[in-house]
Structures are given as structure tokens and as C-alpha cells.
Amino acid sequence: MNAFAGTGKLIRLVLRRDRVLLPLWVAFICMIPVVFVGAFTGAYPTAEARQHYYETSLHTRAFTVAYGVLNGSSLGELVAWRSGFVTFMVALFALLTVIRHTRTEEEAGRRELVGATAVSRHADLAATLIVTCGAALVLGVASALALIGQGLPAAGSLALGFGFTVAGCAFASIGAVTGQLTTGAGGARAIGISTLGTAILLRGVGDVAAQSGDGPAWVSWLTPLGWAEELRPYSGERWWVLALAAGAVLALIVLAVALSARRDLGAGMFQARLGPAAAGPRLSSPLALAWRLHRGPLISRIAGLAVVGLVGGAMSASLGTLMDNSGVAAREALARLGGPGTLVDQFLAPMMTMLGLVSAGFAIQAALLLRNEERDGRAEPLLATPVRRLRWAGSHFAFILLGPALGLIAFGTAAGLAHGLTTGDVARELSRLLAAALVQLPAVWVFTGLAFALFGLLPRLVAGTFAVAMVSMLFGWVGLELQLDQWVINLSVFEHVPKLPGGVMTATPLIVMTVVAAALVAAGLAGFTRRDMPTT
């Protein structure tokens, strides 16, 4: 048997399992640059208007960090610049797809069953990488064709599309490596997402340095996200960057295969520590067991949000001064995103919205732990005891519900203290930023409730809540920035959250969102008590 026997059959299996998600992902990503073409054509129809927009956006550091370096004022350059965040989305999706089809399958024991057939050791890794990288390639080509159809130059459109492909293939191969390091999918995801976060940070630092002409601009070249940008779509394409990216992807794949060959099935390069032979008395209840399972991620997320809040609060005053010099167009864009208030408030309000999205992601991930306990067969023995289903689910739900609240409190308190110390009014800023953080909680609970409802009614679709939350954010954020119709913007849950600090506090939407969340949770609990388990 050769090293990749059975790869073809496993490719068909991966395609069958992702027959809905992959096409939706490719189609959704392809639409984003096309939407930018229409938006820029409508809002800035002349070369003079686009030049004015370019000049006012050029030195806004927050835009540079989010979108990358702005190379020029042509329609293609503006579209490529605004599509800079799309590479983050493609990278994250590719990373999670590879881990889900490799380490998660191995953790659940399904790879062992497949491996008992006429399938080689590396066939599942090869099949997953072929499908994921193939999807990234299809995405790149489809995006390029869509942009060419809008009248943009073919070379620049292909460079932009191949930039998406580079990000997808690079982080697919990074996911293949991280999947060999740990014994659990959660650990592999944490390492992979941390790598992506580091890449975003390095690209941001490098881009700001390149845009300002002062600092270590070379650090952008350390990340696949930087390679996608260095293709320079519509700005004198650098096709040789593709060779650099292909070489790095090939090296990562070789590393993943080598690591896979050196470990046992079910093991990782980092071995998990063994626990005590018998459980202590503190694990004598479902609530105690739930706390044991949730406490690690919960504490790390709260600490992480506190650190981010501290940094964001400390920087907000200086960023406000910087944005004050950004020009009329940039300030108008900030006003659309941040609502009324000072420039600092208009910077902090979108930060709070992003905080809500991150907190929703943490809550959804906590809800997935409930699903994993059931899918992996650990819930069934527990429910064979006198523990009732509602008590078991309710024990986990307590931490799924309260975790985001504690994270928001940590962020708001840290940001308020840091911003208050820089402005000399701690009491005022602490109360304002704590309220601005907590006002996100009902929106977070809506997605928590949706995840819980899917867990009870359609458990195989729980992970889809991530996509719903992301799309909801895009409808609001991109819609506001591009001045789309209000009904499109209103499709975002976060759009109905009061824009604090600086905006007007209205309780009605918060009450409605809380009621919706409660109804979704009730539907999930009702469904969970009636369906069979486990459901694969």
C-alpha cells in the first residue's frame, strides 16, 4: 500500500460532509469584493472623488491595521484595500476546516475506524488539504472572474483572488501542523488561532510602518497575510510572491506529514498530562463537573479580554487625536460606525461592537463543548445515572450564559480604568465604558440562545452559529460603511444595540433581544429532552 492509498475516496467523503458549507463559504466571500465595487462606484463615482477619499484615508492608522496598505486611488486599488480583511476570514475558515476533518475526527475515534480499512496513514490529511486548498483556489478564481465581470483589470483581479488563495492554503497547512501537536481539537484550534492572531498583529505593524515610512515594514513578510497583500493587486502585480507562498505551503505540508508519521494514533507531539485515578469530592455534581470543563477557557478568556481592554482604553485618547487629523471622509466613516459623540467615543463604540462579536464567539464555543460531550459519548454514561437531562444541560448553560457577562465586565472595567487614568477622570470613564461593554450582552445572548436551540433541535448545525454571527456583523458594519439600504443594515443583531459610549441608551431593543434569547434557550431545552442521543 502506498503512503496515500484511499485519498480519492476520502476526498469524496470530505466533499460530501461539506457539500453545503463549502459552496456557501465560497459564494459569500466572492460577493464581498463585488459589493465594494458597487459601493465605491456609487459613493465615489469620479476619479477626483476617489482621490479625495484616498488622501483622507491614507494616514488613518486604524484603517491601515484593518485593511492593509492603501497603494493608490484607482477603483481596483480601493476595492483591494477594503478587501484586506477578507484574507482573515479565508485564513480562519481554512484553518478550522482542516482541524475539524483531521484532529477532531481522530479525537472522536472515527479516524481509527477509517484507518482499519484499506486506507494509508496520511490519506485523511492529504484528502483534507486537497479539498481545503482546492476550495481556496476555486474561491480565488471565482473572485477574480467576478471582478473582471465588473470591468476591473484582469491582472489585478487575478492577483486579488490569488491573495485569498494564498491565505487559505497557508493556514490550511498551518492547521495540518497544529493538528499534529495536541491530543485534542480544542488545543489545536487554540494554537492555530493564536498563530493567526500573531499574523494579523505582525501584518498590522508592518503595514503601519510601510504606510508611515518609519518602522519595521519588513515584518509583514513574516506572515501569509502579508504575502497576500504583497501581490499588490492593481498596483503593479508581483507574481513572484506566489512562488514564495507555494514554497512555504509545501514546507508546512511536509512538516505536517513528518509529524504525523512520528506519533501514535490519538496522540500528539505534546502529550496530555494524566489526571488522578479517582475523582475528588468536588466533582460530585453536574455543576462541579461543568465548572471543571469550562474553567480553563473561561479564565483565559476573561484574562485576555481584560488585557485587550486595558490596551484599548490606554490607546483610545491618542487614537482620537490621530483620527482628528484624518480628514472629513474618514471622520464621516467613523461617525457612521460609532454614532454620535466625540472622536474617541466613535472609536470606542465600534470596538465595543467587535467585543460583542468576540464574546458571542466565546459563548458559541462554550456551547459546542456541550455538543462535544454528547457526540464523544461522555454525556451518555452520566445521564445513565439519576442525573436528568435538564440538570446536566442547565449546569453547562450557567457558564455559557455567565461567561460572556464576566468577560464583558472585565473588558469594560479594564478599558474604563485605563482610559480614565489617561484623561484624569476615572469615575466617569469607568462607568461609561463598563455600561458600553455590558450593553452588548443581550446581543451576545441571542447567539448563545441560537447555539442552544440548535443543540437541542438540530445538533449537527450548532457550529453554524459562528457563521450566523459573522454574517450578522458584516451586514451591520459593512452596510454602514458602504451606506447600503437601512433594511440590509437592520439584518445585523448588533445594529440594534445602543451605540455607547456617546450614543443614547434605549432599553427596548435590549429587552426584545433578551426575550428572543430566552425563547431560543427554551426551545433548545425542549428539543433536547425529546430527541435521541447521541446524534452524530
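Six cavities of 30 Å³ or more are found in the structure. On a 1 Å grid over the protein atoms alone, a cavity is a set of points where a 1.4 Å probe fits but cannot get out; points are joined across faces, edges and corners, and a volume is the space filled by probe spheres set on them. This is a predicted model, in which local features need pLDDT of at least 70 and side-chain atom pairs count only at pLDDT 80 or more, while totals for chains, interfaces and linings use all residues. Residues are numbered from 1 along each chain as its sequence is written, and side-chain values use heavy atoms, with hydrogens and water left out.

Start with the largest cavity, which holds about 220 Å³ of space. It is lined by 20 residues (those with an atom within 4 Å of a point), and the closest to its centre are Ala80, Trp81, Leu160, Glu229 and Pro233. Helices H5 (75-82), H10 (154-178) and H12 (224-230) are the elements giving two or more residues to this lining; helices here are DSSP runs of H or I, at least four residues, numbered from the N terminus. By class, the lining has 10 nonpolar, six polar and four charged residues (Ala, Val, Leu, Ile, Met, Phe, Trp, Tyr, Cys and Pro count as nonpolar, Asp, Glu, Lys and Arg as charged, and the others, Gly among them, as polar).

Now move on to the second largest cavity, with about 150 Å³ of space. Among its 15 lining residues, Leu298, Arg301, Phe362, Gly403 and Pro404 are the closest to the centre. Helices H14 (286-324), H16 (343-375) and H18 (389-423) each supply at least two lining residues, and H14 gives the largest share, six residues.

Methods: 1 Å grid on protein atoms, 1.4 Å probe; cavity = no way out; pocket = protein on both sides within 12 Å on 5 of 7 lines; lining within 4 Å.
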